[in-house]
Amino acid sequence: MRMRRYAIAGAAFAVLWTAGAGVANAYPEYQKYSQTNSGRVTNCAMCHAHPDGPDGAGHGQIGSLNADALSRLGRARAAFEPGTEVDSPILNGFGNTIIRTVGKSKVIELRSRPGELAGMLDQASDLDGDGIPDAREYAEGTHPLQAGSGNPWSLFATNLRRSGFHIGAILVASILTMYGLANLLRGWHAAAAAAEASDER
Ligand SMILES: [Ca+2]
């Protein structure tokens with residue numbers, strides 16, 4: 001009888017552990033929103049360490065985590081309020097930023113209204129530094145951690161802005177070169193005309 005009680009208690013613990021740490025909490029509503037809203041194909045890699053999401057035994061997935069990673073996972077899952085620094089091993093930099101910015105409770109709450117997440121993120125945050133804020137990349141279905149991923153016109157504008165000095169320098173150098181060349185040609189022409197006049201005399 002006692003053995004049976006231990007067996008039941010052990011099974012109950014296993015279920016609780018599984019519910020608390022062994023099963024991934026992925027929120028596909030956000031990925032679906034990003035894809036539907038943008039018309040671009042997105043996957044779990046927007047927020048997760050593994051492109052297939054947290055379930056599995058691959059790198060960044062639940063089955064591969066050691067004790068330290070599980071500890072970090074536990075801390076991230078307990079970060080219900082905003083402002084907690086988290087380093088979840090199953091999330092990437094954007095995923096961890098979302099948890100830190102809005103808190104786990106809000107992430108769960110917004111599953112039914114995933115479009116509102118963009119408005120709750122830090123509008124100035126641009127993790128990949130491509131000039132397009134993370135929140136906009138989420139709504140537009142581009143990757144907030146890949147500088148080459150983004151609205152083409154916005155990326156072009158960013159590159160133009162950043163290389164403005166070089167473009168200006170090239171323009172000034174070209175103008176000066178053309179001005180110098182024109183003066184040189186004028187000088188040659190005048191010298192040739194003077195030589196011709198001298199011959200005629
Ligand atoms: Ca960006």
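Helices (H or I, at least four residues) and strands (E, at least two) are DSSP runs, numbered from the N terminus. The views show a predicted model, in which local features need pLDDT of at least 70 and side-chain atom pairs count only at pLDDT 80 or more, whereas totals for chains, interfaces and linings use all residues. Residues are numbered from 1 along each chain as its sequence is written.

**View 1. Arg40 lies in the loop between helix 2 (28-38) and helix 3 (67-77).** Leaving aside neighbours within four places in sequence, Arg40 is in contact with Gln35, Gly141 and Thr142, a contact being two C-beta atoms, placed from the backbone, that lie within 7 Å. Arg40 and Thr142 are 102 residues apart in sequence, yet their C-alpha atoms are 7.7 Å apart in space.

**View 2. The largest nonpolar core has 22 residues.** Such a core is a set of buried Ala, Val, Leu, Ile, Met, Phe, Trp, Tyr and Cys residues joined through C-beta atoms within 7 Å. Helix 2, helix 3, helix 4 (93-102), helix 6 (117-120) and helix 7 (134-140) each supply at least two of its residues, and helix 4 gives the largest share, four residues.

**View 3. Leu117 is among the residues with the most contacts inside the largest nonpolar core.** Not counting residues up to four places away in sequence, Leu117 touches Tyr30, Leu110 and Tyr138.

Key: Buried ≥ 20, exposed ≤ 12 C-beta atoms within 10 Å, placed from the backbone.
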